[in-house]
Amino acid sequence: MTSRRVDDMTTATDAAAEAEPEVTKAGHPAARSVLRRLRRNPLGLTGGLLLVLLAGTCVLGPLLYRTDQTAVDPLNAALPPGPGHPLGTDTNGFDVLGRLMEGGQVSLQIGLLAALFATTIGTVYGAVAGLAGGVVDGVLMRLVDVMLSVPFLFFVLILSARFHANALSLSLVIGGFSWLVSARLVRGEVLTLRVREFVLAARVMGSSRRRLVLTHLIPNALGVIIVNITFQVADAILVVAALGFLGFGLTYPTADWGSQLASGVTYISAGYWWLIYPVGGCIILTVLALNLLADALRDAVGRRAD
């Protein structure tokens, strides 16, 4: 019996050793290979460069182009683009360019925090459900199905109206409803990984479920997770813009693109185009850049896995 157990352990060790190179090639793509494929994708490269340009402008711009976004200036209200104000001023006298950059900072910050929060919860939840299987998997995923049937924006509006909205609270609220998609994606990936040789070898060698999830399953699902994060950031930015447009976004003096767009639409009949097109263009370009990058990442990771 002891000899047979030793032989089984030896066989499992050999299987694990043979599986590791395969996992490196199929489950967890090398960063160098992914970057090489991204460089060959013109749309992905365009999206990445555009995202870097927008994020760099929003983060570094206010340090170089300083404006006062707290004190109302009625004497300089609704000025068209010109010297001193490249994109004009709004109806409160705030410089539109400076407000765009500050609103972009907040939107990107909320989008990134919400995506990280949602992906963390969804990854662990989906990995546990996929590894457990059977009744546990069925119960956990039916809970996800029930929550997905709930109108997302409806509950976010209620929570935003009930509690004081700031960058952190909005990130938690959006992330708290966005993890469901991540859970389903990771669960599907884990279902394919758990029957692989390296997972079976780890089971035979006595690895706990916690070790299987953290050491073997989640690292080998990173491709799906990274792509999902990119889409989650884009979705969160759209949600923040929608809340601001409806009047349930961030409160003064914090600027966000949605509230800027809402105030601009109010004066569209007056011909104040600089209050609408620049902020609308920023929202469209940011979401477009993130989606192009996410599509390119999905193609690069998928081809690498094949």
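This is a predicted model: local features need pLDDT of at least 70, side-chain atom pairs count only at pLDDT 80 or more; totals for chains, interfaces and linings use all residues.
**View 1. The buried face of helix 6.** Helix 6 spans residues 152-162, and its buried residues are Val156, Leu157 and Ser160. Looking down the axis of helix 6, these residues fall within an arc of 105°, so they line one face of the helix. An α-helix has 3.6 residues a turn, so residues three or four places apart point the same way. The cover over the buried residues of helix 6 includes helix 7 (167-193) and helix 10 (222-246).

**View 2. The largest pocket.** The volume of the largest pocket is about 350 Å³. It is lined by 22 residues, of which Asp90, Arg99, Ser259, Gln260 and Ser263 are the closest to its centre. At least two residues of the lining come from each of helix 4 (96-132), helix 10 and helix 11 (257-266). Helix 11 gives the largest share, 4 residues. By class, the lining of the largest pocket holds 11 polar, 9 nonpolar and 2 charged residues.

**View 3. The second largest pocket.** This pocket has a volume of about 250 Å³. Its lining is made of 15 residues, and those closest to the centre are Leu148, Phe152, Phe177, Ser178 and Leu180. Helix 5 (134-148), helix 7 and helix 10 each give two or more residues to the lining. The largest share, 6 residues, belongs to helix 10. The lining of the second largest pocket divides into 11 nonpolar, 3 polar and 1 charged residues.

Methods
Residues are numbered from 1 along each chain as its sequence is written. Side-chain values use heavy atoms; hydrogens and water are left out. Buried means under 20% relative accessible area, exposed over 50%, partly exposed in between (1.4 Å probe, protein chains only). The arc is that of the directions from the helix axis to the C-beta atoms. Contact means heavy atoms within 4.5 Å. On a 1 Å grid over the protein atoms alone, a cavity is a set of points where a 1.4 Å probe fits but cannot get out, and a pocket is an open set with protein on both sides within 12 Å along at least five of seven lines; lining residues have an atom within 4 Å of a point. Grid points are joined across faces, edges and corners, and a volume is the space filled by probe spheres set on the points. Ala, Val, Leu, Ile, Met, Phe, Trp, Tyr, Cys and Pro count as nonpolar, Asp, Glu, Lys and Arg as charged, and the others, Gly among them, as polar.
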